[in-house]
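Subject: Structure for your review

Dear colleague,

Please find below the sequence and structure that I am handing over to you. My findings follow directly after them.

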Amino acid sequence: MLRGIGGAPGIVIGKAFIFRPEELVFDRRQISAEEADNEIFRLHQAISQAHKELSGIYSRTLAEFGRDRSGFFQTQLMILEDPAFDTEIVRRVTEGHNVEASVGETVANFMGIYMSSRDLHMQERANDYRDVGCRLLRILLGQAWSPLPQIREKSIVVARELTTADTVQIDRDKILGFVTESGVRTSTVSILARSLEVPAAVGLGKILDRVRAGDLLVVDGSTGVVIINPDEKTLSEYRKREETYIACKNQLQTTHEMPSQTKDGTAIRLWANIDLPSEAVCALANGAEGIGLMRTEHLFMGREDMPDEIEQYEYYLEVVSIMGNRPVVIRTLDFAGPNSPFFLTGAYEPNPFLGCRGIRLSFNFEQVFKTQLKSILRVSAHGNVKIMVPMISRVEELRRAKELFKAAMEALTAEGVKFNPKMEFGMLVEVPSTALTAELFAPHINFYSIGTNDLVQYTLAVDRRMEKINLVDQALHPAVLRLIRSIIDAGRAVDKSVAMCGEMAGEPMTTLLLLGLGLRQFSAVAGSLPELKKIIRAVTISEAREVAINAMQLSTPEEIKQYLQDELKSRRLYF
Ligand code: PEP
Ligand code: MG
């Protein structure tokens, strides 16, 4: 069994299809001065052919997937149009190298520059150069265009990594799921899998060394577990889970219309987390009554200029238009060190996750923060928009954020721009200091939302980015559970709502426990909502309370997990 990161929920069993993207392969040859003109002519013909192909793919993906996922084709078109790129290749040709070698070396050079960037998203730009280079070389070599080997039967696609350029060209009807060596929950492949509603396990390290084409794989996209050629017992256990999962998905139509409430009639809010505006469609399809966490980093990633107030406003507006009057909680930026776009990069820090991250970074780039606050306020005129700030660790930070929020309102008023002056302001509780003193923040906010992903890492001193860390298992540590309980209790004492939007909220195994601890609002990846609703509808609050009381008496995450699984099994709710 290999454990990576859950990229998109669901369980699937199927054959492996190994995808290896085109390699940058080229011949090296010295050419004479007379040949150079012809080589340059060939280059320009290849560039114009590549431009034609890419423009076609760009318009198709734009129509099919929208702006979010077609943007990098535009980036690739820009590379082709970039005079510096052309000049660099021509320079190598005039120095006596054949055009294929000149293209290959130029591309490798640009890839090297981007790969050495501290910004992870700039590193992804290297893929765009690789794709452009492969396309040009293929054209120069006169090879037919077959971007991907055809998948003959429905399969699980296994790859080192998958860029959107790769994935949008695979026949989607044949994709059962994705497994990749690299990647995190917000990688292209995870986002795409969630919108295709197929499971994905990412960040699995060297899995390509172990899987061969046609191997039978079990993929659990909720936990990131992949099993290669499982034994009979494991296979039948997972087949059952796969069936239950599919049955549950098929029930979607029916659960969709049913209210989200416990057996004894307590209403439970089920909201969705999204990383891209277009994911709101999937949220609605899965019965989300609102967006409990809209992360905003994606709009800022991998670009050289900061999105201005209007661009941000339009981006958020896309979600609000999809969600209508349903609540949409927009979180302000939560970048840290090497993950930040370079216009948000400050002085070098040895450990930015314990330094200038989230709200602290926003304070260091106050103008960026103010612009974001203004654009979120602008969009509040069109729907039920709420704002939420991340990584609050002390009351002073919240006060300062509120001051800047007020200043943003004043600026908009002065400009005569409409917004909702009563827009709700909430905070993520994801640092233990805040969890322990949650009630002290109450005068400044309308709601709390528990971010268990970070709460786990800062409480248990485990790095959430480590591939071996399963955030949900870790969240069952008694220390984390006690913090969660105290936040929920504090919320009740000060009469403020408490939601949970960390991954724990989307893990069905924990639903009874969380209900029993008093949680009434869950925000999770959209695909998990039907399953959560099924559990919620099957129990009473007093049953859930009993489960919570028992779980809180156990001493290790393993014991608690076993107990929760047994409780679900006894109710025939276990997947
Ligand atoms: C969390 O920390 O639980 C959370 C929801 O935020 P993120 O995963 O974006 O840090
Ligand atoms: Mg967080």
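Domain 1 (2-11 + 151-164 + 177-239) and domain 3 (262-570) each contribute at least three residues to the lining of the second largest cavity. Please note that this is a predicted model. By class, eight of the lining residues are nonpolar, three are polar and four are charged. In terms of secondary structure, at least two lining residues come from each of helix 8 (232-250), strand 9 (269-274) and helix 10 (279-285). In total, the structure has four cavities of 30 Å³ or more.

As to the domains themselves, the chain also includes domain 2, which spans 33-140. The C-alpha centres of domain 2 and domain 3 are separated by 40 Å.

Seven aromatic pairs are present in the structure. One of them joins Phe 110 and Tyr 129: the ring centres are 4.8 Å apart and the planes meet at 5 degrees, so this pair counts as stacked, the cut-off being under 30 degrees. Phe 110 belongs to helix 4 (residues 99-115) and Tyr 129 to helix 5 (residues 120-140), so the pair ties together parts of the chain that are 19 residues apart in sequence. Phe 110 and Tyr 129 are both buried. These two residues also belong to one aromatic cluster, together with Phe 85 and Tyr 114.

Two further rings have a charged side chain over the face. Arg 400 is placed over the face of Phe 363, at 4.4 Å from the ring centre. Lys 402 lies over the face of Phe 425, where the distance to the ring centre is 5.1 Å.

Finally, a word on Leu 564, a residue of helix 23 (residues 557-570). Is Leu 564 buried or exposed? Its relative accessibility is 1%, and a residue counts as buried under 20%, so Leu 564 is classed as buried. The C-alpha atom of Leu 564 is 25 Å from that of Ser 497, and the two residues are 67 positions apart along the chain.

With kind regards

Note on methods. Residues numbered from 1 in each chain as written. Chains lettered and ligands numbered in written order. Predicted model: local features only at pLDDT ≥ 70, side-chain atom pairs only at ≥ 80, totals over all residues. Heavy atoms only, no water. Domains from an automatic or database assignment. 1 Å grid on protein atoms, 1.4 Å probe; cavity = no way out; pocket = protein on both sides within 12 Å on 5 of 7 lines; lining within 4 Å. Points joined across faces, edges and corners; volume = space filled by probe spheres on them. Helix = DSSP H or I, 4+ residues; strand = E, 2+ residues; numbered from the N terminus. Nonpolar A, V, L, I, M, F, W, Y, C, P; charged D, E, K, R; others polar. Phe/Tyr/Trp six-rings, centres within 6.5 Å; stacked < 30°, edge-to-face > 60°. Buried < 20%, exposed > 50% of the residue type's maximum accessible area, 1.4 Å probe, protein only. Lys NZ or Arg CZ within 6 Å of the ring centre and 35° of its normal.
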